[in-house]
Structures are given as structure tokens and as C-alpha cells.
Amino acid sequence: MPIDWYNEFVDQSYTPAEDDIICLFSCTPTSGISMKEAAGRVASESSTGTWTTLYSLPPRMRDLQATAFEIDGPYLKIAYPIGLWEEGNAVQLLSGIAGNIFGMKAVDQLRLIDATLPQAYLRNFDGPHFGNDGIRKLMKIHGRPLTGAVPKPKIGFSAAEHAEIGFETWMGGFDFVKDDENLTSTSFNRFDDRVTALTEKRDKAEQLTGEKKSAFINITADTETMKQRADLLAANGWNYAMIDVVVAGFAAVMTLRDYCSDLGLAIHAHRAMHAAFDRDPRHGITMQFLAKMMRLIGVSQIHTGTAVGKLVGTTQEAIVLADILREEKVQAVPEMALDQNWGHIKSAFPVSSGGLHPGLVPEVLDIYGNELVLLVSGGIHGHPDGTRAGAAATMQAIEAWQDGLSLEEKAQKAPELARALEKWGAYKPV
């Protein structure tokens, strides 16, 4: 009598159904386990199987089995019937395709690279409330990247100090002031005080510049506290809330997406803690899959790296991430991404941040184009003439790229940019 039945979850002649969810994995089996055996175990554990044959099994269970249908070297594709998944519950999807399988003894490393989500699954989600066009209309910004900066250092300022640096950032031409991931409501900078101080400075900056100004103020906490903080933002005329989406959790983000939408707030998603599970190239979950899930559940933008700054990530990865967030139809990239038709799901912005300064702006824009949120923080506050000059230098660097000029050419008539180049040149921090 057979003990296990993993082999029944592998069928390389299987043609996925139109409404199957297709997942791409990379897999390194444990010594003594073949790739086919490992594939069967992954498909089994993430669907209707278990470690042993069962005494009885209703025939209809066969229609819910996941099927490993393609094995190519270390890469594996598994098709999951749509009936396995609760409608509109992204958390339950993760429990299946990114659940127990990572702890199986049969695999040394396992990495969920991407998933194709069919229309039958997408139709139960609303995605981003505004979409990129809606955000641009909200901010009255067209034809250039959206820009923002974190007061640096990222934590330690009082609410008043934080707001004053924010004011200088806005006055230098930037659109957003941003809290960083670990600034919530600390003893030296309470959330309510920061909102009050920033609101006063925002109103002043808008009056002086005639431009729309906003901020990504970090509401991350337990879900009920996040709702209260979102209420305060809306009451003070803000149009954004920031959430550390990984540490807050998918369920909390799903709840806050709807809550914030009702208040007219877009969500800026900081990815703090993502590298704990996406940095190892052979194990965990990729950043592109995390970005896909965040677009699905409705954030308006999420950090995706720079490829030229201080954080890990290649140029190709940045391009793939941008496509996943911005495009309606995403083309597959071998070993990195699967085809995805987003249908009714609106777009979201990639956010480029981490170790940028004016001298690196053209390289970032060569990768992303205009359709991004560009965060330059230390690279404006460290300007020899201060934050306002640093923000102006960054805006001048954007103008140079748009006009097809080198930074050196632009700097001849842009003294703020010239001073930035004197300090940093094209230095890439590590």
C-alpha cells in the first residue's frame, strides 16, 4: 500500500485553466529528493494534499488539487484552481501559496517569484482608489516625477523641528514631506503634534508658492489606532496616509485601504522589513510579488528601490517592479515575472528612494521615466547651502534630464545644482 501520494500533484502535460492562479517558484530540493518529488510536495502542501494517502477522499477533491505542470532546471510552475481561494481575501491566498511550503524538509530553498492572478480572482478586489492619473490630478502635477523627502536623520526631531525642515523642503520645490518607517508617535514627536505643525507649515508653503503640497505621515500602529490617525489626517485636509505595509500586515492594509478611501486618502506604502524575506535570491518571496499584492489590495504607491543608491536591487528588477505597478498588461520576464492583465485594477506609483542626491537623478529617471515618486532626502538636507537649496538642485536635475542636458550643462545656470555636484558628483553610497 503506498504511503505518500505527492506524485499525483505533478502532471507536466497539464494545460492550466483560464481561471487558474499560476505561481512561479525556484526550488532547491533537499539531498536525495528529486526536483519532481519536491514539486509534488510543494503543490500538495499548498492545496489538498498531506504527507500520506488517506482512507477516503471525495472525488470532487481532484478538482481542487494544485498541479505542478512545468519544471525547468530550478524553476517550477504550479497551477492552482480558482476554487481553492476565498473571494477578496488576499491573506488567505498568501496562507496557501506562501504558507507551510517554506518550512518543508523536502526543500533546502524555495522562492515564490511571481503569480499570475486571473480575472476571476481580480474581480473581487478594488485595487488603488485613485490610480496614477488620479494622484496627478489630486496633486495638480503633470509631466514630471512627484518629489518628496524625509527630514534627516529619520528620527529624533521634535514635531516643530520636523515641520520646519518640511517647510524648507516644500519651499525648495518638492511636493511631499515624508515620515520614515520608524517615526510614528514617539515621546519627542507625537503624531498629533506633528500633524498640527505640518498642517500649519503646509498651508504657509501653499500660500507662498501657489503649489499643492502634501505629506506621507506615518499612521502605522494597531488597526484601530491607524483609523484614528487617518481620521485626524482627513480632518486637517491631508490627502495621504503612510503605512509600513509589511510590518502592519496584509489584513490591516486591506482594512485601511477601504477606510482611507472613504476619507479621500491615498496610501503611501513603505516596505520596511521586506528584505528579511526577499533579499535571499534562492529563498522567500520576491519584491515583485510583494508589489503585486500591494497593488491588488489597493495602495497608491510602494518603495521599489533605485538600482543606483544605497539599497540592493538591480536595474532590471526596478524596471520589472515599475511595470507590475504601472502597466495594465505586464509582459513576462524569464525567471523574474509572469504575464499579468490587471483589467479594472488601477495603477500605482513606484517609489525610488535610498541614498539619492541630485547627481544620481538622471540615472534613476533613465530607469523609471517620469512616472514615479522620487524621494531624495539626505541628498537635499546635506546640500552645502541647506535643505531648500538641495530640493531646488534636485528639481534642476530633473529639468536637465527632461531637456536632454547633462548636469554639468544645467549647472552653468543653476547654482544650487552646481553646489550639489561639487559635493557629491556622481557618488553612489554603499
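Val177 has Ala215 of strand E7 as its bridge partner, a detail read from a model that is predicted. The bridge belongs to a set of three that join strand E6 (residues 176–178) to E7, the two strands running parallel. Both strands are part of an open sheet of eight strands, whose order is E7-E6-E5-E15-E14-E11-E9-E8 and whose pairing is parallel. E7 and strand E8 (240–244) are the edge strands, each pairing on one side only, and neighbouring strands of this sheet are turned against each other by 25° on average when direction is ignored.

Strand E7 covers residues 214–216 and includes Ser214. Is Ser214 buried or exposed? Ser214 counts as buried because its relative accessibility is 0%, the cut-off for burial being under 20%. Leaving out residues up to four places away in sequence, Ser214 touches Met139, Trp170, Asp175, Phe176, Val177, Trp238, Asn239 and Tyr240. With Asn239, the side chain of Ser214 also makes a polar contact of 2.5 Å. Arg229 is 15 residues from Ser214 in sequence, and their C-alpha atoms are 16 Å apart in space.

Further along the sheet, strand E14 (residues 349–352) is covered on both faces, with Phe349 and Val351 buried on one side and Pro350 and Ser352 buried on the other. In a regular strand, side chains alternate between the two faces of the sheet. E14 pairs in the parallel sense with strand E11 (residues 301–303) over three bridges, and with strand E15 (residues 373–375), likewise in the parallel sense, over two bridges. E14 and E15 also belong, together with helix H13 (residues 361–368), to a right-handed β-α-β unit.

| Residue | Bridge partner | Strand of the partner |
|---|---|---|
| Val177 | Ala215 | E7 |
| Gln301 | Phe349 | E14 |
| Ser352 | Leu374 | E15 |

A second open sheet has five strands in the order E2-E3-E1-E4-E10, and its pairing is mixed. Its edge strands are strand E2 (67–72) and strand E10 (284–285), each of which pairs on one side only. Strand E1 (residues 21–29) and strand E4 (residues 107–116) run antiparallel and are joined by eight bridges, with Phe25 standing opposite Leu112 in E4. Helix H1 (residues 35–45) packs on this sheet, where it touches E1, E2, strand E3 (75–80) and E4, and its direction makes about 30° with that of E3. Helix H11 packs on the sheet as well, touching E4 and E10, with its direction at about 40° to that of E4.

Tyr80, apart from its neighbours within four places in sequence, is in contact with Asp20, Ile21, Cys23, Phe25, Ser46, Ala66, Trp85 and Ile97.

Note on methods. Residues numbered from 1 in each chain as written. Predicted model: local features only at pLDDT ≥ 70, side-chain atom pairs only at ≥ 80, totals over all residues. Heavy atoms only, no water. Buried < 20%, exposed > 50% of the residue type's maximum accessible area, 1.4 Å probe, protein only. Helix = DSSP H or I, 4+ residues; strand = E, 2+ residues; numbered from the N terminus. Pairing = 2+ DSSP bridges. Right-handed = clockwise from strand over helix to strand, strands pointing away. Contact = heavy atoms within 4.5 Å. Axes fitted to C-alpha atoms, helices over the stretch in contact; angles between N-to-C directions. Polar contact = N/O pair within 3.5 Å; in protein donor to acceptor, adjacent residues only side chain to side chain.
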